[in-house]
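Subject: Structure handover

Hello,

Here is the structure I promised to pass on. My notes follow below it.

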Amino acid sequence: MMSTEMSRRSFLKHSAAAAAVVAGADLGGSPGAATAAEAAGSPRARDTLALPKAGKKIPVILDTDIGTDIDDTWALCMMLKSPELDVRLVTSDSGNDVYRARLIAKLLEVFGRTEVPVGIGLDKTDKPGRQSAWVGDYDLAKYPGKVYEDGVGAMIETIRASADPVSLVCIGPVPNIPVALERAGDIAQRARFIGMHGSVRRGYDGSRKISAEYNVRADPKALQKVFAAPWEITITPLDTCGIIHLRGEKFQKVYRCKDPGIQALMENYRVWRKNPRGPITASSTLFDTVAVYLAVTEELLEMEKLGIRVTDDGHTVIDEGARAVNCAMKWKDLGAFEDFLVDRLTRA
Ligand SMILES: [Ca+2]
C-alpha cells in the first residue's frame, strides 16, 4: 500500500545493480509514518530503504571502536572527507568508550568539524589505548561541539530527528546497537545498518580459511540482535574488506598530504605501529573504509543478497533460512577503490 498509493516519491538507489530508479517508502514525515506502515502490513525486513534524492547528502552516524586497530581512524577521515555524507554523530563503542570518544573529538577538532557531535558508548572507562600517545590529556569537556554522555540516547534522537533515513555505519563490535533497539525499536524503521562484519567465503587477507571475524566474535550476541531487527542490512565481510591496503605511490600520496587532518591520521598511524621509528611505506589492512564506501555507493562492488546466520562463536554462515543481508562479496575493480580512497583522503 504505502509504496504505491501513499507516496510515489522516487529515490535514486545507489546500488549499480539496482541502477533503476525505485519507488521508495517515504520515511521523511512524522515518526508515526513508519508505525502506520507496520500496521498496514509492511514486510518484516525491508529489502530497500528509501535514500535521499540525488544531490542531497546522506545522513550518517558512525559507531566505532576507534583506538584499537588503526583502520577506524582512516575510516573516520574518509567519512569526514566524503561530500555525499552528512555526518550527524560519531559514537564510541565496544569498551573503553571515553578514551575512544576523546580520540574522536580531538580528530574532529583537527579537521575543523566540531559541528559533529560525539556520543560516548555504554562503557564509561578511560584506559590507555594504542593511540593514547596522540590523544594525550585531551579533555572532552573542552570539545567545542556537543558531547553526549548517553551516546546511545543521542543515536536514537539523531535517527528520530532526521527527515531522511539515516545510514548507521558500524565498524566494530556493536554492543551499543541492541541497547538502542531495545530502548527505541522504531529506529529500525528509520535507519539502515551498514557494518564491517563477518567472513563469508573468504577469511583474513583473502585466505580461503573462513574466520570468526573480530567484530563478530567480540560480541556475537549483539550482532545477532542487530540481524533480528527489521532494517535493511548491508555488510562488507572480510571477503571484500580484508584485502584493502595502500602501498607504493598510492600510500605516498596520503603520506605526503599536507591537510592537517591527514597529517593527524599519519601521526596516529606512527604511534599505533609497534615499531614507530621504522620506515612507513604502506598502510595496514583498511577494513573499515569499505563500510564508509558502502554508505556512499556500491558501484565498485559485487553485491549478493544472502541469508546470513550469526553463530554463537562469531561465524557468519550462509543459511537460506536466515534473514537476507546485502553482502559485498567481491570487487569489480579493487584498484579503482584504492584510487577512490586516496582521492577522498587527499582532496582539498
Ligand atoms: Ca573497527
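The largest nonpolar core has 83 residues. Val-60, Leu-76, Met-79, Ile-104, Val-169, Val-290 and Ala-291 touch the most other members. (A nonpolar core is a set of buried Ala, Val, Leu, Ile, Met, Phe, Trp, Tyr and Cys residues joined through C-beta atoms within 7 Å. Buried means 20 or more other C-beta atoms within 10 Å of a residue's own, with C-beta atoms placed from the backbone.) Buried residues make up 45% of the 348 residues in the chain.

This is a predicted model: local features need pLDDT of at least 70, side-chain atom pairs count only at pLDDT 80 or more, and totals for chains, interfaces and linings use all residues. Residues are numbered from 1 along each chain as its sequence is written.

Take Val-60. Beyond its neighbours within four places in sequence, its contacts (C-beta atoms, placed from the backbone, within 7 Å) include Met-79, Leu-85, Val-169 and Ala-295. Of the chain's contacts with a separation of 6 or more, 81% join residues 24 or more positions apart.

Next, the fold. The chain holds 14 helices and 12 strands (DSSP runs numbered from the N terminus: H or I, at least four residues, for helices; E, at least two, for strands). An open sheet of 10 strands runs 6-5-4-3-7-8-9-12-10-11, with mixed pairing (strands pair if DSSP finds at least two bridges between them). Strand 6 (147-148) and strand 11 (316-318) stand at the edges with a single partner strand each, so one side of each has no neighbour in the sheet. Strands 8 (191-195) and 9 (233-235) pair in the parallel sense over three bridges. There, Gly-195 stands opposite Ile-235.

Best wishes

Notes
A residue is buried if 20 or more other C-beta atoms lie within 10 Å of its own, exposed if 12 or fewer, and partly exposed in between; C-beta atoms are placed from the backbone. Two residues are in contact if their C-beta atoms, placed from the backbone, lie within 7 Å.
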